[in-house]
Amino acid sequence: MPARPDILDYLRTRRSVGMAFLKEPGPSAAELEQILTVGTRVPDHGKLTPWRLVVIAGEARAQVGEKLAEIAQRRHPEYNEASLDVERKRFLPAPVTIMVISKAGHDPKVPEWEQFLSAGNVAFNLQHAAFAMGYAAVWNSRWYSMDSEAGAMLGARYGERIVAFVSIGTPTAVIEDRPRPLLGDVVTYWQG
Ligand SMILES: Cc1cc2nc3c(=O)[nH]c(=O)nc-3n(C[C@H](O)[C@H](O)[C@H](O)COP(=O)(O)O)c2cc1C
């Protein structure tokens, strides 16, 4: 396999760009299809495809936000308009958000947690694909990935779990890198 210093350079310098720093334009329909294709090309023990994706784009972003605000209001009657507005606008900054849903379940050979890991790979691979096409992306979970009513509204079926919202767009700012773990703190060599 030939060396690919460009890929190494990308991996060395890549970093997420938060939702607040994403804007139009987002990927075209053809680009999005490519991002989805690359994103779903991941390690998957047993070839179970234990995940699926839901795209939130265009007008759906505001519609989902409206429903999130309704649920948030029921959860928090004390919320004022400003707080509800935060929920309404959750998906607006990024042109497109891809929700990664885990379908992990019992399998005689593949533990459930390995199936979850495969879904995590999808989330990160979607980010890689977006970056490789010149966009920026971020992986969020937020309260609504852990709320059963919000999950059902977003499209998660019984027994499924939302793993990620990968939001993609054009960055409005250059984001400084964050501190990275020191290898000495996280790597040891097995010595018996
Ligand atoms: C599973 C998971 C869930 C996350 N959920 C959130 C979130 O809800 N809100 C948030 O601000 N960041 C969240 N993050 C962190 C962002 O993705 C963050 O931008 C990222 O860790 C930055 O790492 P990077 O600079 O290496 O790209 C989450 C990360 C992971 C892995």
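**Exercise 1. Work out which atoms hold the ligand.**

Start with Trp139: one of its backbone N or O atoms sits 2.6 Å from a ligand oxygen atom, a polar contact (a pair of N or O atoms within 3.5 Å). Keep in mind that this is a predicted model, where local features need pLDDT of at least 70, side-chain atom pairs count only at pLDDT 80 or more, and totals for chains, interfaces and linings use all residues. Residues are numbered from 1 along each chain as its sequence is written, and side-chain values use heavy atoms, leaving out hydrogens and water.

Next, take the side chains. Arg14 puts an N or O atom 2.6 Å from a ligand oxygen atom, while Ser141 has one 3.0 Å from a ligand nitrogen atom.

Last, look around: the residues surrounding the ligand (a heavy atom within 4 Å) include Arg15, Asn140, Arg178 and Arg180.

**Exercise 2. Describe how α2 packs on α5.**

First, get the geometry. Helix α2 (residues 29–39) meets helix α5 (residues 112–132) at about 140°, with the axes 8 Å apart. That makes α2 oblique to α5; oblique is what's left after under 35 degrees (roughly parallel), over 145 (roughly antiparallel) and 65 to 115 (roughly perpendicular).

Then list the contact (heavy atoms within 4.5 Å). From α2 come Ile35, Leu36, Val38 and Gly39, and from α5 Val122, Asn125, Leu126, Ala129 and Ala130.

Finally, sort by class: seven nonpolar, two polar and no charged residues.

Conventions: Axes fitted to C-alpha atoms, helices over the stretch in contact; angles between N-to-C directions. Helix = DSSP H or I, 4+ residues; strand = E, 2+ residues; numbered from the N terminus. Nonpolar A, V, L, I, M, F, W, Y, C, P; charged D, E, K, R; others polar. Polar contact = N/O pair within 3.5 Å; in protein donor to acceptor, adjacent residues only side chain to side chain.
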